[in-house]
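Dear colleague,

I would be glad if you read the two side by side.

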Amino acid sequence: MAAIESFDNIYLDLSKEHGKCRFAETGLGWKPVGPGDTFTLDQGNIGGAQWSRAARGYEIKILQRNSGIIQLDGFQQEDYERLSKIFKNWYSTNLENKEHSLRGWNWGKAEFGKAELTFNVQNRPAFEIPYSEISNTNLAGRNEIAVEFAVGEGGKANGQNGATPGKGKKASAGKDQMVEMRFYIPGTTTRKEAEGGDAGSDADEEEKNAVTLFYDTLIEKAEIGESAGDTIATFLDVLHLTPRGRFDIDMYDTSFRLRGKTYDYKIQYEAIKKFMVLPKPDEVHYLLCIGLDPPLRQGQTRYPFLVMQFKTDEEVTLDLNLPEEDLNEKYKGKLEPHYEQPLHSVVAQIFRGLAGKKILSPAKNFQTHRAQSGIKCSIKASEGFLYCLEKAFMFVPKPATYISYDQTQSITFSRVGGAVSALSTFDITVHMKGGGSSQFSNINREDLKGLEDFFKFKGLRVKNEIDEDANMLAAAMRAEDMASSDEEVVNNKADRGSADEDEESVDEDFQADSDSDVAEEYDSNHESDGSGSGESDVDNEVDDDEDEEMEDAEEEEEERPKKKKKTG
């Protein structure tokens with residue numbers, strides 16, 4: 001047998017690129033075809049090996065003596081005999097042929113091995129989860145447990161970003177990543193049964209809730225929770241507005257942990273992108289806001305910001321659990337060995353020292369009409385406070401919203417449409433450069449001038465529709481006043497009906513020197529056109545009968561009203 005055996009197109013730990021794998025008597029090595037690091041494993045660190053079907057053909061799973069697992073995928077089925085001789089002759093290890101269960105059942109038995117959690121269906125493994133891939137676990141329900149997997153960023157393992165070395169090494173290789181898995185575990189069991197009978201004789205045989213025992217065992221095996229001696233500082237029962245609840249904060253060298261009654265979260269300092277200390281307008285509390293990327297997950301809900309609330313007058317005395325040499329070398333000028341200050345100030349200073357993030361605070365050249373930093377407003381139905389920072393807006397507590405001034409295209413002040421309080425409040429609409437907008441409603445009208453001046457000072461484009469509406473309304477009122485004043489001048493004169501028209505126009509048919517009246521229908525002359533022409537001729541012809549006709553006319557005038565009274 002040759003001193004070196006080589007295999008091409010082999011993938012290491014689900015890597016994106018393949019490489020060449022070589023076996024020798026002293027150990028094995030893998031080198032990628034492209035740029036990348038070479039991996040080597042000493043012969044004395046090989047504790048076992050398994051051969052099974054995998055994603056790209058067949059794989060060899062090597063169990064290291066230091067509890068690690070190495071996966072080499074991409075072998076062909078005919079390579080089994082050749083590799084079996086290599087492990088038996090050079091490494092004194094049998095290459096175990098292990099078949100997986102392909103039934104597709106979602107119920108089985110979970111067993112804790114030395115380096116991985118195995119889910120068995122009818123005594124065959126359905127899948128395995130290396131402990132190095134588990135970042136956190138929570139009791140999600142009465143008999144339900146959630147297992148969260150480490151997620152790499154940009155193809156890098158989380159261990160390269162300040163996390164526990166090796167965490168997320170395999171998960172970061174794929175384009176699509178599984179981030180959470182849940183197990184339903186009913187009933188009760190013992191620790192010996194949970195660990196597959198591998199526990200020692202002195203193991204606790206008392207029956208416990210199976211899901212609780214599973215949870216405790218997984219935390220221990222996956223080394224999720226650091227020991228108490230590694231805790232630099234601990235703050236108990238801290239109120240969180242987002243996510244809602246009270247959590248204990250354990251701060252470690254590279255991460256901090258939130259421990260609640262239902263959920264536990266482990267967050268790396270590298271995930272902290274922003275840290276803000278915001279005084280609440282009630283002048284009784286301070287808000288500490290931590291921006292996270294990737295965001296915190298609780299089931300299907302994501303929390304890109306943690307919002308904590310502290311009382312202003314609550315003080316604490318704290319000694320950090322750090323050696324003096326670390327304080328003088330690693331954290332010189334960042335942390336103090338002893339603190340005796342308000343609680344919110346101590347928490348902020350320790351976060352700044354461990355995470356290395358600058359503390360942001362509200363802009364000094366803006367205050368509300370009550371000399372405060374926070375503006376009471378709302379996003380849709382959620383009430384909160386809007387803070388104007390030096391480079392961004394920040395709305396807390398829920399939904400926590402951060403808007404950078406650099407991403408703002410314009411800001412519009414508008415009146416509340418159709419609201420009763422339209423004269424006392426107004427809205428702000430922030431239009432983004434990339435599209436979309438955010439609206440902050442029900443802001444006190446007295447803060448309008450201060451906000452407009454501050455935005456103009458920051459070089460932001462501002463459109464004040466409130467003043468435009470007020471100017472248009474004032475112009476309309478002035479026009480209405482002028483119109484009403486003109487009407488008053490006309491109405492001062494008495495309304496005399498058509499008499500006013502008679503003063504302006506003269507009736508040409510009217511003759512002032514005529515003594516005759518218009519003939520009535522009962523008059524014998526009613527057919528006359530009423531004109532005065534030919535008057536002398538008529539007088540000559542009826543001179544003898546004039547008196548009789550006048551007497552008849554007077555009699556008819558006296559009788560007609562009597563007829564009207566009878567018919568009335």
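In what follows, a residue is called buried when its relative accessible area is under 20%, exposed when it is over 50%, and partly exposed in between, with a 1.4 Å probe and protein chains only. Helices (H or I, at least four residues) and strands (E, at least two) are DSSP runs, numbered from the N terminus. This is a predicted model, in which local features need pLDDT of at least 70 and side-chain atom pairs count only at pLDDT 80 or more, whereas totals for chains, interfaces and linings use all residues. Residues are numbered from 1 along each chain as its sequence is written, and side-chain values use heavy atoms, with hydrogens and water left out.

I start with helix H1. In H1 (residues 80-90), Leu-83, Ile-86, Phe-87 and Trp-90 are the buried residues; viewed down the helix axis they fall within an arc of 100 degrees, so they line one face of H1, the arc being that of the directions from the helix axis to the C-beta atoms. Glu-81, Lys-88 and Asn-89 are exposed on the other side of H1. The buried residues of H1 pack, by contacts of heavy atoms within 4.5 Å, against strands E1 (4-12), E2 (19-24), E5 (46-54), E6 (57-64), E7 (69-75) and E8 (95-97). After H1 comes Ser-92, which has a positive phi near 55 degrees.

Next, the strand pairings, where two strands pair if DSSP finds at least two bridges between them. Strands E3 (residues 27-32) and E4 (residues 39-42) are antiparallel, with four bridges, and they form a hairpin with six residues between them; Gly-29 stands opposite Thr-40 of E4. Elsewhere, an open sheet of eight strands has the order E20-E19-E18-E17-E23-E22-E21-E26, with mixed pairing. At its edges stand E20 (264-268) and E26 (359-360), each of which has a single partner strand, so one side of each is left without a neighbour in the sheet. Within this order, E17 (residues 233-242) pairs with E23 (residues 301-311) in the antiparallel sense over three bridges, and His-240 has Met-308 in E23 as its bridge partner.

A nonpolar core is here a set of buried Ala, Val, Leu, Ile, Met, Phe, Trp, Tyr and Cys residues joined through side-chain atoms within 4.5 Å. The largest such core has 40 residues, and those touching the most other members are Phe-235, Met-251, Phe-256, Ile-267, Leu-320, Ile-350 and Phe-351. Helix H5 (343-355) is among the elements that give two or more residues to this core, and its eight residues are the largest share. Leaving aside residues up to four places away in sequence, Phe-351 touches Met-251, Phe-256, Tyr-269, Ile-272, Phe-275, Ile-290, Met-308 and Gly-356. A second, separate core of 25 residues includes Ala-363, Cys-388, Phe-393 and Phe-413.

Finally, Lys-449 lies in helix H6 (residues 448-457) and counts as exposed because its relative accessibility is 57%. Although Lys-449 and His-369 are 80 residues apart in sequence, their C-alpha atoms are 9.5 Å apart in space.

With best regards
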